[in-house]
Amino acid sequence: NELIPVIAKEFGIKTLVGAWLGDDAEINKKETAGLIKLAKEGFVDIAAVGNEVMYRGDLLEEELLDFMYQVKREIPNIPMGYVDAYYEFRNRPKITEVCDVIFANCYPFWEGTPIEYAVPHMQQMFAQTLLAAKGKRVIISETGWPSQGQSLDDSKPSSINALKYFIYSQIWV
């Protein structure tokens, strides 16, 4: 995976490069070191430190913040953010504060939303994240609707619902 940003730059493509953090301290050190190395070599336009670490409970908030501060110190001229469920940025203002950019995962399906209200719900998730971000850039990093599987409350997976969600979320953008 570390070659993807290098190849992207060869084609003039901007990159968002992440360090995958989990519950293994050694892997976390390697991931952040790899991100920093790629950034110093000029292959990173935006750095993401962690993805749903708080949601999964893999690290304590202070541990995540330590990695984020380390990356900011090492590559201060590259915007840095964190990826997580939209509500984590409201619930964890210390993390939100250290981010230059906020990457919010917004999945109305997993909150039991009927397809008719899914895009307005996603827009509301985005609005909550904007409030928490206090003027910082917010990017919806993940969203979608399953085409198959189990229903969750009023959320029903189907190919038609996945297509509807995709089209209407693209129209909103």
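How many residues in the lining of the largest pocket are nonpolar, polar and charged?

## The model

This is a predicted model, in which local features need pLDDT of at least 70, side-chain atom pairs count only at pLDDT 80 or more, and totals for linings use all residues. Residues are numbered from 1 along each chain, and side-chain values use heavy atoms, without hydrogens and water.

## The largest pocket

The lining holds 10 nonpolar, seven polar and four charged residues. Here Ala, Val, Leu, Ile, Met, Phe, Trp, Tyr, Cys and Pro count as nonpolar, Asp, Glu, Lys and Arg as charged, and the others, Gly among them, as polar. A pocket is an open set of points on a 1 Å grid over the protein atoms alone where a 1.4 Å probe fits, with protein on both sides within 12 Å along at least five of seven lines; lining residues have an atom within 4 Å of a point.

Of the 21 lining residues, Val-17, Gly-18, Ala-19, Trp-20 and Glu-31 lie nearest the centre of the largest pocket. Helix α2 gives the most to this lining, with five residues; helices are DSSP runs (H or I, at least four residues), numbered from the N terminus.

## Helix α7

Among the buried residues of α7 are Ala-118, Met-122 and Phe-126; buried means under 20% relative accessible area with a 1.4 Å probe, protein chains only. The buried residues of α7 fall within an arc of 160 degrees, so they line one face of the helix; the arc is that of the directions from the helix axis to the C-beta atoms.

Note on methods. Helices (H or I, at least four residues) and strands (E, at least two) are DSSP runs, numbered from the N terminus. Buried means under 20% relative accessible area, exposed over 50%, partly exposed in between (1.4 Å probe, protein chains only).
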